[in-house]
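Biologist: Could you walk me through this one? I'd like to go from the whole chain down to a single residue.

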Amino acid sequence: MSEARRLKLHVAPPWGDPFERLLLTDFCVIGRSSRADVTVHDSALSREHARLCHREGEWFVEDLNSRNGTFLNGRAVDGPTKVGPGDLLAVGGTTVTLAEAAPPPRPVDLFAPGQSLFRPLAELIPEAASPPPPAGGGGDALTRYAERLRIMNEVHHALSGSCEQKELLNLILDRVFDHLKPQEGAIFLRGPGGEYTCAAQRTTASGPVVVSRHLVTEVGEKGLGALVLDAEHDARFAGAASIVAAGVRSLLAAPLMDASGPLGMIFLSSKVAVRSFTEEDLELLATLASAASLRIRNIQLARESAERRRLEDEISLARRIQLNLLPTRLPEVEGYAFLGRNLPSRHVSGDFYQVLTRSEGREVVLMVADVSGKGIAAALLTASLEALLAAPIEAGREPAQIFARVGGLLHRRTPPEKFATAFLAVLDVGSGRLAYSGAGHPPALLVRESGGTEWLDGRGFPLGILPDAEYDQGETILRQGDTLLLYTDGITEAMNPDHDLYESDRLEAVVRDHRLLDLHALAAVLEKDLETFAQGEPFADDRTAVLLRRL
């Protein structure tokens, strides 16, 4: 692919952090399957939902017969449609923004000779940690040596006490400036995605401290201490326009690193007059960076521990909210049996179900829903959805009317990334008539007493995606011995260690083969089969099921 054809995708899933993907081939499939080129954990996505393809110098998007459709700038895609930078795709609950990708950086010989010294941290620390008294260096040498010991002792003393990260970084920069007197300096910390951001800086010039990606690679990632006497004439930085353009003439850098990997880097430079940093300066900076790394890692571990405790508390609260929304007792209706189950995963999701009577017991409403997101946000959205459903259900509306009403209200009251998939059925107790609609949700499974199976696929958009979506409604008749299963995709998308999915075919076979069992026994068989299939692999999502049988 030529560089002019390169595109970048900014993917914003309904939960989790946004991420970017660079299109390096002429085809890219977006979906929730691990086999897709861009895999997104979004229950409203099909396994292979949409495809981007490049031909004759242009990019096109096409829908792959997905359950919920693909939208380009708000309009449904019904065939290969031209796309380009600035376009917005909506697939399930995920948005994908297309942008023009920057051309790849031109290659630079990182090992070309120049006026530089790059040394591994392991070589710098032993020499600097216990420097021998300078022999025959005179009073100035002894004074410098004593000053270095004082700086090292001061920093080590500060690290031994309680100190916030920002305070620590500023202390290091203050002391380094006092002794090495650079014109500017900064401490860059490495983020979870490998990006480096400036966490503290000192400069006598206006504007931010400039650091080249080449320097980040050499120092931050490779763990090399850097002493560059003249960056403008060093071949190693021939492609580092960001440093050369800033007028940097001399620089000093040391990695922040421990046994777990890179943490960041300390960078010092001089612009106006060449400041000839020495190897002695590099050794001191490397020693201070090593001591700081231990404290920075400890602070990060403390923050991670606090965050884990916060998440555990949030999960516990979300689970309590979810349990309060689930029915504690199902209605007793002559001639019918009902069963509802919700088995939580490691993370609380937005699964919930309802089984309730209306019209003075003449009708039973059954519903399962899966709200986007995890934790407390999903629990609160689930509570909101339950409240929105109450009025149209009680008013006796049909399933399609209920979804149309609730979908519009949810769209107006929640941000675009918040939505819910659902399947709702209304049973007429006397006749066995079952009216149903789906909102981006897996179809219900109807198993006849004879062993025949039907998938009740009420197609429709997830609730909250569009302000005025319309929903199809289907009907069937439940006869004596028939079994209906409503479920969430935590069942069909359960995964084993080989990353195979449980899938609807296996679900259909289990329910069909055990259709003569009572509902409690049938649910137990299904749960056991899921555990057998997963082979100890943790379930990534809740498994929720509602069973109905006409006796």
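This is a predicted model: local features need pLDDT of at least 70, side-chain atom pairs count only at pLDDT 80 or more; totals for chains, interfaces and linings use all residues.

Modeller: Residues are numbered from 1 along each chain as its sequence is written, and side-chain values use heavy atoms, with hydrogens and water left out.

Biologist: What share of the 551 residues counts as buried?

Modeller: Buried means under 20% relative accessible area, exposed over 50%, partly exposed in between (1.4 Å probe, protein chains only). Applied to the 551 residues of the protein, that cut-off gives a buried share of 50%.

Biologist: Which residues touch the most other members of the largest nonpolar core?

Modeller: A nonpolar core here is a set of buried Ala, Val, Leu, Ile, Met, Phe, Trp, Tyr and Cys residues joined through side-chain atoms within 4.5 Å. The largest one has 48 residues. Those touching the most other members are Phe 338, Leu 366, Leu 385 and Leu 463.

Biologist: How many residues are in the other core, the one with Val 176 and Leu 189?

Modeller: That core lies apart from the largest one, and Leu 284 and Ala 286 are also among its members. Its count is 30 residues.

Biologist: Which strands are the edges of the open sheet of six strands?

Modeller: Strands are DSSP runs (E, at least two residues), helices likewise (H or I, at least four), numbered from the N terminus. Two strands pair if DSSP finds at least two bridges between them. The order is β12-β15-β16-β17-β13-β14, with antiparallel pairing. Pairing on one side only marks the edge strands, β12 and β14.

Biologist: And what is the average twist from one strand to the next?

Modeller: Angles run from 0 to 180 degrees between N-to-C directions, with axes as lines fitted to C-alpha atoms, for helices over the stretch in contact. From one strand to the next in that sheet, the twist averages 15°.

Biologist: Is Leu 117 buried, partly exposed or exposed?

Modeller: Leu 117 sits in strand β12, residues 116-120. Its relative accessible area is 24%, so Leu 117 is partly exposed.
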